[in-house]
Amino acid sequence: MSEKTRKILVAIDILLILLTIGFIFGNSLEDVEKSTNSSTAVTETVEKIPPVKKAIEEKRLTFGKLEGIIRSLAHVAEFVLLGALVMLLLLLSKVRPLAVSVYMPFFFCLLVGIADECIQLTNDRACEVVDVIKDFVGSLIGGGLVLAIYGISYAVAKRKAEKKK
């Protein structure tokens, strides 16, 4: 990859990271009523999906329990994306040694998760440690996926290069 292409990708990745953080913080800035209405709307949509509807009936899930599951998955999903983008930025920026710097994206995502929960205190919502843990797990999944893909592609490229020799 050319240096110009790498710099463009870094700029795009930084923009996507900022947009993702803006989305995460934007959700936290919602007051209790708006947040509840958003969750209710998503839950009502999800419960209409046939496999979900069947699972609800089989497990006898209440609407509130389903809403709690969806809220938890939302925490994880937001941070899967953030973790992947921040890890990608680390790889694109060629910070070395990678073995030491690989922890930086996870620490960054942890700080974003803590800030996210603290923001909720500004509008009478609860700040919950368990949500920070969900966020962190999401960042581990996202960052881990990017690292796994990077590792596989590196190994394949190395093997191809050795075959050419």
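The face of helix H6 turned away from its buried side carries Tyr103 and Phe107, which are exposed (over 50% relative accessible area, with buried meaning under 20%, for a 1.4 Å probe and protein chains only). This is a predicted model, in which local features need pLDDT of at least 70 and side-chain atom pairs count only at pLDDT 80 or more, while totals for chains, interfaces and linings use all residues. Residues are numbered from 1 along each chain as its sequence is written, and side-chain values use heavy atoms, with hydrogens and water left out.

Helices here are DSSP runs of H or I of at least four residues, numbered from the N terminus. Among the buried residues of H6 are Phe106, Cys109, Val112, Asp116 and Ile119. Seen down the helix axis, the buried residues of H6 fall within an arc of 155° (taken from the directions from the axis to the C-beta atoms), so they line one face of the helix.

H6 also contributes at least two residues to the lining of the largest pocket, as do H1, H2, H4 and H7. A pocket is an open set of points on a 1 Å grid over the protein atoms alone, where a 1.4 Å probe fits, with protein on both sides within 12 Å along at least five of seven lines; lining residues have an atom within 4 Å of a point. This largest pocket holds about 650 Å³ of space, and of its 28 lining residues, Ser35, Ser39, Arg71, His75 and Arg125 lie nearest its centre. H4 supplies the largest share of that lining, 8 residues.

The second largest pocket has a volume of about 180 Å³, and its lining includes Arg6, Leu88, Val146 and Tyr150.

Methods
Grid points are joined across faces, edges and corners, and a volume is the space filled by probe spheres set on the points.
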